[in-house]
Amino acid sequence: MQNDLNILVVEADQTKAHEILEALKDGGWQNATVIASASALERILQQHDPDIILIDLANPDRDTLEHLCFVSNARKRPVAMFVDQTDEAMTQTAISAGLSAYVVNGLQKDRIKPVLETAIARFNVITKMQSELEAAKQALADRKTIDRAKGLLISARNISEDEAYSLLRKTAMDQGRKVIDVATALVTASELLQ
Amino acid sequence: MKMTPIHCGYLPLVDCAPLIIAQELRFAAEEGLDLQLMKQPSWSALRDRLAFGQIDFAHMLSPMPIAMSLGLGGVATRVDALMVLSVNGTVIGISADLERQMQQTGWTNSFDAPQATSRALFEASSRPLRIGVPFPFSMHRMLLETWLSQAPGYAQERIEIVTVPPPQMADAMREGALDMFCVGEPWGTVAVQHSGASLILPGSSIWACAPEKVLGVRHDWAAENNQTCQAMIRALSKATHWLDQPQNTPLATSILARSQHLDLPDHAIDPALTHQITTKLGQPPRQTDRFLRFYQSAANFPWLSQASWIADVLSDWHALENDQARQIARACFRSDLYRAALAPIGVDLPKTSEKVEGAMKAPTLTSSTMGQMILGPDEFFNGAVFDFSASDMPKN
(Lines give C-alpha, C1' and ligand atoms only; values in the text may rest on other atoms or scores of the structure.)
Protein backbone atom coordinates (compact mmCIF):
# COMPACT_ATOMS: atom_id res chain seq x y z
CA MET A 1 0.00 0.00 0.00
CA GLN A 2 2.81 2.38 0.92
CA ASN A 3 4.56 1.81 -2.39
CA ASP A 4 2.45 4.29 -4.27
CA LEU A 5 3.63 7.31 -2.28
CA ASN A 6 5.37 9.79 -4.53
CA ILE A 7 8.51 11.04 -2.80
CA LEU A 8 10.82 13.82 -3.97
CA VAL A 9 14.30 14.22 -2.48
CA VAL A 10 16.14 17.54 -2.99
CA GLU A 11 19.85 16.88 -2.48
CA ALA A 12 22.92 18.18 -4.33
CA ASP A 13 25.40 15.66 -2.94
CA GLN A 14 25.12 12.62 -5.21
CA THR A 15 26.39 10.09 -2.69
CA LYS A 16 24.03 11.33 -0.06
CA ALA A 17 21.12 11.41 -2.49
CA HIS A 18 21.89 7.84 -3.51
CA GLU A 19 21.98 6.72 0.14
CA ILE A 20 18.59 8.21 0.91
CA LEU A 21 17.04 6.84 -2.25
CA GLU A 22 18.38 3.38 -1.45
CA ALA A 23 17.01 3.52 2.09
CA LEU A 24 13.60 4.47 0.73
CA LYS A 25 13.70 1.70 -1.90
CA ASP A 26 14.68 -0.82 0.80
CA GLY A 27 11.69 0.40 2.80
CA GLY A 28 9.41 -0.37 -0.10
CA TRP A 29 8.98 3.09 -1.61
CA GLN A 30 9.73 2.74 -5.30
CA ASN A 31 8.41 6.13 -6.46
CA ALA A 32 11.23 8.28 -5.15
CA THR A 33 12.96 10.90 -7.31
CA VAL A 34 16.04 12.99 -6.59
CA ILE A 35 16.75 16.48 -7.87
CA ALA A 36 19.96 18.37 -7.22
CA SER A 37 18.67 21.92 -6.82
CA ALA A 38 15.54 23.95 -6.48
CA SER A 39 16.13 25.77 -9.76
CA ALA A 40 14.24 23.10 -11.68
CA LEU A 41 11.80 22.57 -8.86
CA GLU A 42 8.81 24.35 -10.30
CA ARG A 43 8.71 22.15 -13.38
CA ILE A 44 9.38 19.00 -11.39
CA LEU A 45 6.63 19.75 -8.89
CA GLN A 46 4.19 19.97 -11.76
CA GLN A 47 5.46 16.82 -13.43
CA HIS A 48 5.79 14.54 -10.42
CA ASP A 49 3.21 16.04 -8.08
CA PRO A 50 4.96 14.55 -5.03
CA ASP A 51 3.14 13.62 -1.82
CA ILE A 52 6.22 14.18 0.31
CA ILE A 53 9.32 16.30 -0.27
CA LEU A 54 12.45 15.58 1.78
CA ILE A 55 15.23 18.17 2.00
CA ASP A 56 18.24 18.77 4.22
CA LEU A 57 17.40 21.32 6.90
CA ALA A 58 20.60 23.21 6.04
CA ASN A 59 19.95 23.29 2.29
CA PRO A 60 19.82 26.97 1.23
CA ASP A 61 17.25 26.05 -1.44
CA ARG A 62 14.67 25.50 1.28
CA ASP A 63 13.41 29.09 1.09
CA THR A 64 12.75 28.67 -2.63
CA LEU A 65 10.93 25.42 -1.97
CA GLU A 66 8.76 27.02 0.72
CA HIS A 67 7.78 29.82 -1.61
CA LEU A 68 6.69 27.31 -4.26
CA CYS A 69 4.83 25.18 -1.73
CA PHE A 70 3.03 27.86 0.22
CA VAL A 71 2.68 30.80 -2.06
CA SER A 72 2.74 30.16 -5.76
CA ASN A 73 0.00 28.46 -7.66
CA ALA A 74 2.34 25.89 -9.14
CA ARG A 75 0.32 23.28 -7.30
CA LYS A 76 -3.29 23.40 -6.39
CA ARG A 77 -3.02 21.20 -3.30
CA PRO A 78 -1.83 22.97 -0.16
CA VAL A 79 1.35 21.78 1.47
CA ALA A 80 2.29 21.80 5.12
CA MET A 81 5.39 21.09 7.07
CA PHE A 82 4.95 17.66 8.55
CA VAL A 83 4.65 18.92 12.11
CA ASP A 84 1.03 19.75 11.41
CA GLN A 85 0.31 16.15 10.70
CA THR A 86 2.40 14.19 13.11
CA ASP A 87 3.74 14.51 16.61
CA GLU A 88 6.15 17.11 17.86
CA ALA A 89 8.65 14.57 19.18
CA MET A 90 9.02 13.28 15.65
CA THR A 91 9.63 16.79 14.36
CA GLN A 92 12.26 17.40 17.03
CA THR A 93 14.02 14.16 16.05
CA ALA A 94 13.92 15.12 12.38
CA ILE A 95 15.27 18.61 13.01
CA SER A 96 18.06 17.21 15.17
CA ALA A 97 18.92 14.84 12.33
CA GLY A 98 18.95 17.80 9.93
CA LEU A 99 15.90 16.75 7.94
CA SER A 100 12.93 18.81 6.89
CA ALA A 101 9.92 17.46 5.08
CA TYR A 102 6.89 18.88 3.33
CA VAL A 103 3.76 16.83 2.90
CA VAL A 104 0.54 17.37 1.05
CA ASN A 105 -2.22 18.33 3.46
CA GLY A 106 -4.61 15.54 4.20
CA LEU A 107 -2.09 12.75 3.76
CA GLN A 108 -2.66 10.23 6.53
CA LYS A 109 -0.26 10.30 9.44
CA ASP A 110 0.40 6.55 9.38
CA ARG A 111 1.61 6.86 5.79
CA ILE A 112 3.99 9.72 6.50
CA LYS A 113 5.56 8.45 9.67
CA PRO A 114 7.41 5.40 8.29
CA VAL A 115 8.88 7.47 5.45
CA LEU A 116 10.18 10.02 7.91
CA GLU A 117 11.53 7.37 10.26
CA THR A 118 13.43 5.76 7.40
CA ALA A 119 14.79 9.09 6.20
CA ILE A 120 15.76 10.22 9.72
CA ALA A 121 17.61 6.97 10.37
CA ARG A 122 19.55 7.32 7.12
CA PHE A 123 20.25 11.01 7.74
CA ASN A 124 21.75 10.10 11.11
CA VAL A 125 23.95 7.40 9.55
CA ILE A 126 25.12 9.79 6.80
CA THR A 127 25.90 12.56 9.29
CA LYS A 128 27.88 10.16 11.43
CA MET A 129 29.77 8.83 8.40
CA GLN A 130 30.53 12.33 7.19
CA SER A 131 31.84 13.49 10.54
CA GLU A 132 33.96 10.34 10.87
CA LEU A 133 35.33 10.92 7.38
CA GLU A 134 36.07 14.55 8.22
CA ALA A 135 37.83 13.52 11.45
CA ALA A 136 39.92 10.94 9.61
CA LYS A 137 40.90 13.47 6.92
CA GLN A 138 41.81 16.00 9.58
CA ALA A 139 43.90 13.49 11.51
CA LEU A 140 45.79 12.58 8.34
CA ALA A 141 46.43 16.22 7.47
CA ASP A 142 47.59 16.94 11.04
CA ARG A 143 50.02 14.02 10.92
CA LYS A 144 51.53 15.28 7.67
CA THR A 145 52.08 18.74 9.18
CA ILE A 146 53.64 17.31 12.34
CA ASP A 147 55.93 15.12 10.21
CA ARG A 148 57.03 18.16 8.23
CA ALA A 149 57.69 20.14 11.42
CA LYS A 150 59.71 17.23 12.80
CA GLY A 151 61.71 17.11 9.56
CA LEU A 152 62.48 20.82 9.83
CA LEU A 153 63.68 20.43 13.41
CA ILE A 154 65.74 17.32 12.60
CA SER A 155 67.69 19.09 9.84
CA ALA A 156 67.96 22.47 11.59
CA ARG A 157 69.07 21.20 14.99
CA ASN A 158 70.56 17.89 14.03
CA ILE A 159 68.42 15.90 16.49
CA SER A 160 66.62 12.56 16.30
CA GLU A 161 62.99 12.16 15.31
CA ASP A 162 61.98 11.35 18.89
CA GLU A 163 63.81 14.41 20.19
CA ALA A 164 62.12 16.57 17.55
CA TYR A 165 58.70 15.36 18.65
CA SER A 166 59.55 15.87 22.33
CA LEU A 167 60.61 19.42 21.54
CA LEU A 168 57.32 20.14 19.74
CA ARG A 169 55.37 18.68 22.64
CA LYS A 170 57.29 20.58 25.28
CA THR A 171 56.86 23.88 23.39
CA ALA A 172 53.15 23.21 23.04
CA MET A 173 52.83 22.48 26.76
CA ASP A 174 54.84 25.55 27.75
CA GLN A 175 52.70 27.81 25.60
CA GLY A 176 49.43 26.11 26.42
CA ARG A 177 48.84 25.27 22.75
CA LYS A 178 48.23 22.11 20.80
CA VAL A 179 51.11 20.22 19.15
CA ILE A 180 49.45 20.67 15.76
CA ASP A 181 49.27 24.46 16.26
CA VAL A 182 52.97 24.68 17.07
CA ALA A 183 53.79 22.44 14.11
CA THR A 184 51.63 24.54 11.76
CA ALA A 185 53.29 27.76 12.95
CA LEU A 186 56.73 26.23 12.36
CA VAL A 187 55.87 25.01 8.87
CA THR A 188 54.28 28.36 7.92
CA ALA A 189 57.28 30.31 9.26
CA SER A 190 59.76 28.13 7.38
CA GLU A 191 57.76 28.56 4.14
CA LEU A 192 57.85 32.31 4.60
CA LEU A 193 61.60 32.28 5.16
CA GLN A 194 62.39 30.24 2.09
CA MET B 1 28.77 38.38 37.39
CA LYS B 2 27.21 35.10 36.33
CA MET B 3 26.68 35.20 32.60
CA THR B 4 23.47 33.92 31.03
CA PRO B 5 24.25 31.95 27.88
CA ILE B 6 21.90 32.84 25.02
CA HIS B 7 21.82 31.59 21.45
CA CYS B 8 20.84 33.92 18.66
CA GLY B 9 20.37 32.79 15.05
CA TYR B 10 21.18 35.15 12.19
CA LEU B 11 21.76 35.28 8.46
CA PRO B 12 25.09 36.73 7.25
CA LEU B 13 23.78 40.07 5.94
CA VAL B 14 25.13 43.55 6.71
CA ASP B 15 22.02 44.30 8.75
CA CYS B 16 22.90 41.66 11.36
CA ALA B 17 25.53 44.24 12.45
CA PRO B 18 23.80 45.10 15.77
CA LEU B 19 24.23 41.50 16.93
CA ILE B 20 27.92 41.37 16.00
CA ILE B 21 28.60 44.78 17.57
CA ALA B 22 26.71 43.79 20.74
CA GLN B 23 28.98 40.80 21.02
CA GLU B 24 32.32 42.25 19.89
CA LEU B 25 32.04 45.52 21.81
CA ARG B 26 30.71 43.67 24.86
CA PHE B 27 27.36 45.50 25.08
CA ALA B 28 25.81 42.05 25.63
CA ALA B 29 28.40 41.04 28.24
CA GLU B 30 27.75 44.29 30.15
CA GLU B 31 24.15 43.15 30.43
CA GLY B 32 25.24 39.76 31.77
CA LEU B 33 24.61 37.95 28.50
CA ASP B 34 26.97 35.41 26.99
CA LEU B 35 25.73 36.01 23.43
CA GLN B 36 26.41 33.08 21.10
CA LEU B 37 25.72 33.89 17.45
CA MET B 38 24.64 30.99 15.27
CA LYS B 39 24.74 31.40 11.50
CA GLN B 40 21.75 29.87 9.67
CA PRO B 41 21.66 28.57 6.10
CA SER B 42 18.18 29.92 5.26
CA TRP B 43 15.23 31.81 6.72
CA SER B 44 13.26 28.57 6.86
CA ALA B 45 15.97 26.88 8.91
CA LEU B 46 16.22 29.89 11.22
CA ARG B 47 12.46 29.87 11.71
CA ASP B 48 12.34 26.12 12.45
CA ARG B 49 15.21 26.31 14.92
CA LEU B 50 13.53 29.18 16.74
CA ALA B 51 10.19 27.36 16.80
CA PHE B 52 11.79 24.24 18.27
CA GLY B 53 13.90 26.04 20.84
CA GLN B 54 17.31 25.32 19.31
CA ILE B 55 17.91 29.08 19.39
CA ASP B 56 16.49 31.62 21.85
CA PHE B 57 16.58 34.77 19.71
CA ALA B 58 16.60 35.33 15.97
CA HIS B 59 17.49 38.09 13.50
CA MET B 60 14.31 37.92 11.40
CA LEU B 61 12.63 39.56 8.44
CA SER B 62 10.01 41.86 9.96
CA PRO B 63 6.96 39.98 8.63
CA MET B 64 8.22 36.59 9.89
CA PRO B 65 7.11 36.72 13.56
CA ILE B 66 3.66 37.86 12.43
CA ALA B 67 3.40 35.20 9.71
CA MET B 68 4.44 32.52 12.22
CA SER B 69 1.94 33.76 14.80
CA LEU B 70 -0.76 33.67 12.12
CA GLY B 71 0.24 30.09 11.26
CA LEU B 72 1.45 30.95 7.76
CA GLY B 73 4.27 28.84 6.33
CA GLY B 74 5.88 26.09 8.32
CA VAL B 75 5.41 25.67 12.02
CA ALA B 76 2.65 27.71 13.66
CA THR B 77 4.23 29.24 16.77
CA ARG B 78 3.57 32.48 18.58
CA VAL B 79 6.67 34.57 18.01
CA ASP B 80 7.17 38.12 19.28
CA ALA B 81 9.29 40.93 17.85
CA LEU B 82 11.03 42.58 20.81
CA MET B 83 12.45 45.43 18.76
CA VAL B 84 13.25 46.53 15.24
CA LEU B 85 16.94 45.85 14.48
CA SER B 86 17.12 47.98 11.33
CA VAL B 87 14.98 50.00 8.96
CA ASN B 88 15.43 50.20 5.18
CA GLY B 89 18.67 49.01 3.56
CA THR B 90 17.21 47.04 0.64
CA VAL B 91 17.73 47.76 -3.06
CA ILE B 92 15.82 46.91 -6.22
CA GLY B 93 17.82 46.02 -9.31
CA ILE B 94 17.23 45.02 -12.93
CA SER B 95 19.10 43.12 -15.61
CA ALA B 96 21.13 44.90 -18.30
CA ASP B 97 18.61 43.73 -20.95
CA LEU B 98 15.65 45.15 -19.10
CA GLU B 99 17.52 48.39 -18.50
CA ARG B 100 18.15 48.81 -22.25
CA GLN B 101 14.46 48.24 -22.99
CA MET B 102 13.45 50.75 -20.32
CA GLN B 103 15.85 53.36 -21.69
CA GLN B 104 14.17 53.00 -25.08
CA THR B 105 10.98 54.31 -23.46
CA GLY B 106 12.88 57.47 -22.48
CA TRP B 107 13.44 56.47 -18.86
CA THR B 108 16.65 57.41 -17.10
CA ASN B 109 17.76 56.08 -13.75
CA SER B 110 17.60 58.74 -11.04
CA PHE B 111 17.44 56.09 -8.27
CA ASP B 112 14.64 58.00 -6.55
CA ALA B 113 11.64 58.00 -8.88
CA PRO B 114 9.41 54.99 -8.06
CA GLN B 115 6.47 56.07 -10.20
CA ALA B 116 8.39 56.92 -13.38
CA THR B 117 10.36 53.70 -12.93
CA SER B 118 7.37 51.38 -12.55
CA ARG B 119 5.69 52.98 -15.56
CA ALA B 120 8.83 52.36 -17.64
CA LEU B 121 9.07 48.77 -16.37
CA PHE B 122 5.63 47.80 -17.63
CA GLU B 123 6.01 49.80 -20.81
CA ALA B 124 9.34 48.18 -21.63
CA SER B 125 8.57 44.56 -20.91
CA SER B 126 6.24 42.56 -23.10
CA ARG B 127 6.45 39.40 -20.97
CA PRO B 128 5.86 38.88 -17.22
CA LEU B 129 8.67 40.25 -15.05
CA ARG B 130 10.35 37.53 -13.04
CA ILE B 131 11.41 39.08 -9.72
CA GLY B 132 13.58 37.49 -7.02
CA VAL B 133 13.09 38.12 -3.30
CA PRO B 134 14.85 36.42 -0.34
CA PHE B 135 11.76 34.90 1.28
CA PRO B 136 7.99 34.87 0.77
CA PHE B 137 7.39 36.57 4.14
CA SER B 138 9.72 39.52 3.64
CA MET B 139 9.45 43.32 3.59
CA HIS B 140 11.13 43.03 0.17
CA ARG B 141 8.10 41.33 -1.32
CA MET B 142 5.69 43.64 0.50
CA LEU B 143 7.42 46.77 -0.81
CA LEU B 144 7.62 45.41 -4.35
CA GLU B 145 3.94 44.53 -4.51
CA THR B 146 2.85 47.78 -2.84
CA TRP B 147 4.84 49.72 -5.38
CA LEU B 148 4.20 47.77 -8.61
CA SER B 149 0.48 47.20 -8.03
CA GLN B 150 -0.04 50.99 -8.20
CA ALA B 151 1.64 51.36 -11.59
CA PRO B 152 -0.21 52.07 -14.82
CA GLY B 153 -0.15 48.89 -16.87
CA TYR B 154 0.01 46.63 -13.82
CA ALA B 155 -1.88 43.35 -13.78
CA GLN B 156 -1.29 40.44 -11.45
CA GLU B 157 -0.06 38.21 -14.27
CA ARG B 158 2.53 40.77 -15.36
CA ILE B 159 4.80 39.99 -12.42
CA GLU B 160 6.02 36.69 -11.05
CA ILE B 161 7.72 36.85 -7.66
CA VAL B 162 9.99 33.95 -6.77
CA THR B 163 12.27 33.24 -3.81
CA VAL B 164 16.00 33.06 -4.51
CA PRO B 165 18.53 32.80 -1.66
CA PRO B 166 20.41 36.17 -1.66
CA PRO B 167 23.87 34.65 -2.31
CA GLN B 168 22.42 33.11 -5.51
CA MET B 169 20.71 36.33 -6.67
CA ALA B 170 23.64 37.61 -8.76
CA ASP B 171 24.01 34.24 -10.52
CA ALA B 172 20.28 34.06 -11.23
CA MET B 173 20.49 37.53 -12.81
CA ARG B 174 23.51 36.63 -14.91
CA GLU B 175 21.89 33.42 -16.15
CA GLY B 176 18.77 35.32 -17.12
CA ALA B 177 16.60 33.39 -14.65
CA LEU B 178 15.49 36.75 -13.20
CA ASP B 179 14.68 40.14 -14.73
CA MET B 180 14.69 41.94 -11.43
CA PHE B 181 15.27 41.53 -7.69
CA CYS B 182 14.84 43.16 -4.32
CA VAL B 183 17.52 42.22 -1.80
CA GLY B 184 19.44 43.47 1.23
CA GLU B 185 23.10 44.41 1.18
CA PRO B 186 25.69 43.22 0.30
CA TRP B 187 23.83 41.23 -2.37
CA GLY B 188 22.64 44.20 -4.42
CA THR B 189 26.21 45.47 -4.68
CA VAL B 190 27.39 41.96 -5.57
CA ALA B 191 24.82 41.78 -8.39
CA VAL B 192 26.08 45.09 -9.77
CA GLN B 193 29.69 43.92 -9.64
CA HIS B 194 29.21 40.41 -10.97
CA SER B 195 26.17 40.29 -13.20
CA GLY B 196 25.92 43.69 -14.87
CA ALA B 197 22.73 44.51 -12.95
CA SER B 198 21.68 48.11 -12.31
CA LEU B 199 20.08 49.26 -9.09
CA ILE B 200 17.00 51.34 -9.85
CA LEU B 201 15.60 52.16 -6.38
CA PRO B 202 16.40 51.87 -2.71
CA GLY B 203 13.56 50.23 -0.75
CA SER B 204 13.30 53.46 1.24
CA SER B 205 11.96 55.29 -1.83
CA ILE B 206 8.82 53.12 -1.54
CA TRP B 207 8.38 53.44 2.22
CA ALA B 208 10.76 55.89 3.90
CA CYS B 209 10.81 54.00 7.20
CA ALA B 210 10.14 50.31 6.58
CA PRO B 211 10.98 47.96 9.45
CA GLU B 212 13.42 45.54 7.83
CA LYS B 213 14.75 43.14 10.49
CA VAL B 214 13.39 42.48 13.96
CA LEU B 215 14.57 40.57 17.00
CA GLY B 216 12.33 37.50 17.21
CA VAL B 217 11.72 35.34 20.23
CA ARG B 218 9.12 32.68 21.11
CA HIS B 219 6.21 34.28 22.96
CA ASP B 220 6.24 31.63 25.72
CA TRP B 221 9.99 31.89 26.13
CA ALA B 222 9.75 35.69 26.46
CA ALA B 223 7.21 35.26 29.25
CA GLU B 224 9.52 32.89 31.14
CA ASN B 225 12.68 34.91 30.46
CA ASN B 226 11.44 38.46 30.79
CA GLN B 227 14.67 39.80 32.34
CA THR B 228 16.87 38.17 29.71
CA CYS B 229 14.70 39.69 26.98
CA GLN B 230 15.02 43.13 28.53
CA ALA B 231 18.80 42.74 28.90
CA MET B 232 19.01 41.78 25.22
CA ILE B 233 16.93 44.84 24.20
CA ARG B 234 19.29 47.10 26.20
CA ALA B 235 22.42 45.52 24.72
CA LEU B 236 21.09 45.89 21.18
CA SER B 237 19.84 49.42 21.79
CA LYS B 238 23.39 50.38 22.79
CA ALA B 239 24.85 48.53 19.80
CA THR B 240 22.49 50.23 17.33
CA HIS B 241 23.16 53.64 18.92
CA TRP B 242 26.89 53.03 18.46
CA LEU B 243 26.37 51.91 14.85
CA ASP B 244 24.43 55.04 13.89
CA GLN B 245 27.25 57.43 14.93
CA PRO B 246 28.92 58.41 11.63
CA GLN B 247 32.36 58.57 13.27
CA ASN B 248 32.08 54.87 14.13
CA THR B 249 31.38 53.73 10.57
CA PRO B 250 35.01 52.94 9.55
CA LEU B 251 35.56 50.96 12.74
CA ALA B 252 32.21 49.21 12.34
CA THR B 253 33.19 48.16 8.82
CA SER B 254 36.46 46.64 9.94
CA ILE B 255 34.89 44.89 12.94
CA LEU B 256 32.23 43.38 10.68
CA ALA B 257 34.77 42.41 8.01
CA ARG B 258 37.08 40.78 10.56
CA SER B 259 34.26 39.03 12.31
CA GLN B 260 34.07 35.31 11.69
CA HIS B 261 30.30 35.75 11.63
CA LEU B 262 29.92 37.68 8.42
CA ASP B 263 32.63 36.45 6.06
CA LEU B 264 32.33 39.48 3.76
CA PRO B 265 35.14 41.77 2.56
CA ASP B 266 35.25 45.52 3.44
CA HIS B 267 34.08 46.62 0.01
CA ALA B 268 30.91 44.55 0.34
CA ILE B 269 30.06 46.04 3.74
CA ASP B 270 30.97 49.66 3.03
CA PRO B 271 28.09 50.77 0.76
CA ALA B 272 25.38 49.77 3.24
CA LEU B 273 27.04 51.56 6.16
CA THR B 274 28.25 54.66 4.33
CA HIS B 275 25.04 54.94 2.25
CA GLN B 276 27.19 55.38 -0.87
CA ILE B 277 25.48 53.06 -3.36
CA THR B 278 27.00 52.24 -6.73
CA THR B 279 24.01 51.63 -8.96
CA LYS B 280 25.91 50.60 -12.08
CA LEU B 281 29.41 49.34 -12.70
CA GLY B 282 31.78 52.14 -13.68
CA GLN B 283 29.59 54.93 -12.32
CA PRO B 284 30.37 56.94 -9.19
CA PRO B 285 28.40 55.95 -6.07
CA ARG B 286 25.25 57.87 -5.16
CA GLN B 287 24.70 59.28 -1.70
CA THR B 288 21.45 57.61 -0.63
CA ASP B 289 19.71 59.23 2.32
CA ARG B 290 17.69 57.12 4.71
CA PHE B 291 19.46 53.94 3.65
CA LEU B 292 20.17 51.26 6.28
CA ARG B 293 19.43 52.79 9.71
CA PHE B 294 19.83 51.26 13.11
CA TYR B 295 18.88 53.81 15.76
CA GLN B 296 18.02 57.35 14.64
CA SER B 297 14.41 58.55 14.69
CA ALA B 298 13.36 55.72 17.03
CA ALA B 299 14.26 53.19 14.32
CA ASN B 300 14.27 50.38 16.92
CA PHE B 301 10.80 51.09 18.24
CA PRO B 302 8.37 48.24 17.44
CA TRP B 303 5.40 50.39 16.37
CA LEU B 304 2.02 48.69 16.66
CA SER B 305 1.05 50.53 13.49
CA GLN B 306 3.91 48.83 11.62
CA ALA B 307 2.54 45.48 12.80
CA SER B 308 -0.92 46.47 11.54
CA TRP B 309 0.50 47.42 8.16
CA ILE B 310 2.22 44.04 7.82
CA ALA B 311 -0.94 42.26 8.99
CA ASP B 312 -2.98 43.99 6.28
CA VAL B 313 -0.63 42.80 3.54
CA LEU B 314 -0.62 39.25 4.90
CA SER B 315 -4.44 39.29 5.18
CA ASP B 316 -4.64 40.36 1.59
CA TRP B 317 -2.27 37.63 0.38
CA HIS B 318 -3.83 34.82 2.36
CA ALA B 319 -7.48 35.92 2.57
CA LEU B 320 -7.40 36.20 6.37
CA GLU B 321 -9.97 37.90 8.54
CA ASN B 322 -8.38 41.33 8.73
CA ASP B 323 -9.31 42.55 12.23
CA GLN B 324 -8.25 39.29 13.80
CA ALA B 325 -4.95 39.28 11.88
CA ARG B 326 -4.23 42.83 13.02
CA GLN B 327 -4.95 41.93 16.61
CA ILE B 328 -2.54 38.98 16.50
CA ALA B 329 0.11 41.07 14.72
CA ARG B 330 -0.09 43.92 17.23
CA ALA B 331 0.39 41.47 20.07
CA CYS B 332 3.63 40.34 18.37
CA PHE B 333 5.25 43.80 18.33
CA ARG B 334 6.27 44.12 21.99
CA SER B 335 6.45 47.87 22.49
CA ASP B 336 5.53 47.14 26.14
CA LEU B 337 8.69 45.10 26.75
CA TYR B 338 10.76 47.55 24.76
CA ARG B 339 9.60 50.41 26.97
CA ALA B 340 10.09 48.40 30.16
CA ALA B 341 13.70 47.64 29.18
CA LEU B 342 14.75 51.12 28.10
CA ALA B 343 12.75 53.68 30.09
CA PRO B 344 14.68 52.95 33.34
CA ILE B 345 18.07 53.63 31.70
CA GLY B 346 17.02 57.00 30.33
CA VAL B 347 16.43 56.25 26.66
CA ASP B 348 14.02 58.74 25.15
CA LEU B 349 10.95 56.96 23.79
CA PRO B 350 7.95 58.01 21.68
CA LYS B 351 4.94 59.06 23.73
CA THR B 352 2.57 56.69 21.94
CA SER B 353 3.17 53.21 20.52
CA GLU B 354 1.18 53.94 17.41
CA LYS B 355 1.63 56.44 14.61
CA VAL B 356 -0.12 57.29 11.40
CA GLU B 357 2.15 55.42 8.98
CA GLY B 358 3.08 57.57 6.00
CA ALA B 359 2.06 60.90 7.54
CA MET B 360 5.55 62.37 7.98
CA LYS B 361 7.00 63.74 4.72
CA ALA B 362 10.01 65.17 6.56
CA PRO B 363 11.75 64.79 9.93
CA THR B 364 9.12 65.89 12.44
CA LEU B 365 9.34 67.01 16.04
CA THR B 366 6.96 64.94 18.16
CA SER B 367 6.39 64.55 21.88
CA SER B 368 8.41 61.91 23.70
CA THR B 369 8.64 60.52 27.22
CA MET B 370 11.45 62.98 27.99
CA GLY B 371 10.20 65.98 26.05
CA GLN B 372 10.49 65.99 22.29
CA MET B 373 12.13 63.79 19.70
CA ILE B 374 12.51 63.80 15.93
CA LEU B 375 10.67 61.07 14.04
CA GLY B 376 10.31 60.31 10.36
CA PRO B 377 10.13 60.75 7.53
CA ASP B 378 7.94 57.68 7.02
CA GLU B 379 6.12 58.62 3.81
CA PHE B 380 5.06 56.21 1.10
CA PHE B 381 6.02 56.78 -2.55
CA ASN B 382 2.40 57.52 -3.51
CA GLY B 383 1.51 59.60 -0.48
CA ALA B 384 -0.63 56.84 1.03
CA VAL B 385 -1.46 57.27 4.73
CA PHE B 386 -2.41 54.47 7.12
CA ASP B 387 -4.25 55.49 10.26
CA PHE B 388 -4.96 52.24 12.08
CA SER B 389 -6.25 53.90 15.23
CA ALA B 390 -9.14 55.28 13.18
CA SER B 391 -10.63 51.80 12.89
CA ASP B 392 -12.07 49.99 15.86
CA MET B 393 -8.89 48.44 17.21
CA PRO B 394 -8.07 47.44 20.78
CA LYS B 395 -5.22 49.48 22.24
CA ASN B 396 -2.22 47.68 23.74
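Two residues are taken to be in contact if their C-beta atoms, placed from the backbone, lie within 7 Å. By this criterion, 17 residues of chain B are in contact with 17 residues of chain A. The structure is a predicted model, in which local features need pLDDT of at least 70 and side-chain atom pairs count only at pLDDT 80 or more, while totals for chains, interfaces and linings use all residues. Residues are numbered from 1 along each chain as its sequence is written, and chains are lettered from A and ligands numbered from 1 in the order in which they are written.

On the side of chain B that touches chain A, helix H3 (43-51) and strand E7 (159-163) each supply at least two residues; helices (H or I, at least four residues) and strands (E, at least two) are DSSP runs, numbered from the N terminus. H3(B) gives the most to this side, with 4 residues. By class, the side comprises 11 nonpolar, 5 polar and 1 charged residues, where Ala, Val, Leu, Ile, Met, Phe, Trp, Tyr, Cys and Pro count as nonpolar, Asp, Glu, Lys and Arg as charged, and the others, Gly among them, as polar.

Within chain B, the domain assignment gives domain 1 (4-88 + 210-273 + 291-342) and domain 2 (90-207); such bounds come from an automatic or database domain assignment. The C-alpha centres of the two domains of chain B lie 26 Å apart. Their contact takes 24 residues from domain 1 and 19 residues from domain 2. On the domain 1 side, helix H4 (63-69), strand E10 (211-218) and helix H13 (266-274) of chain B each supply at least two residues, and the largest share, 4 residues, comes from H13(B). The domain 1 side divides into 18 nonpolar, 4 polar and 2 charged residues.

H13(B) also contains buried positions, namely Ala268(B), Ile269(B), Asp270(B), Pro271(B), Ala272(B) and Leu273(B). A residue is buried if 20 or more other C-beta atoms lie within 10 Å of its own, exposed if 12 or fewer, and partly exposed in between. The buried residues of H13(B) pack against helix H9 (187-195), helix H12 (249-258) and strand E11 (276-277) of chain B. After H13(B) comes His275(B), with a positive phi near 65°.

A further position is Asp378(B), in the segment after strand E14 (371-375) of chain B. Asp378(B) counts as buried because it has 25 C-beta neighbours inside 10 Å. Leaving aside residues up to four places away in sequence, Asp378(B) touches Ala208(B), Cys209(B), Glu357(B), Gly358(B) and Met360(B). Asp378(B) and Ala359(B), 19 residues apart in sequence, are 6.7 Å apart in space, C-alpha to C-alpha.
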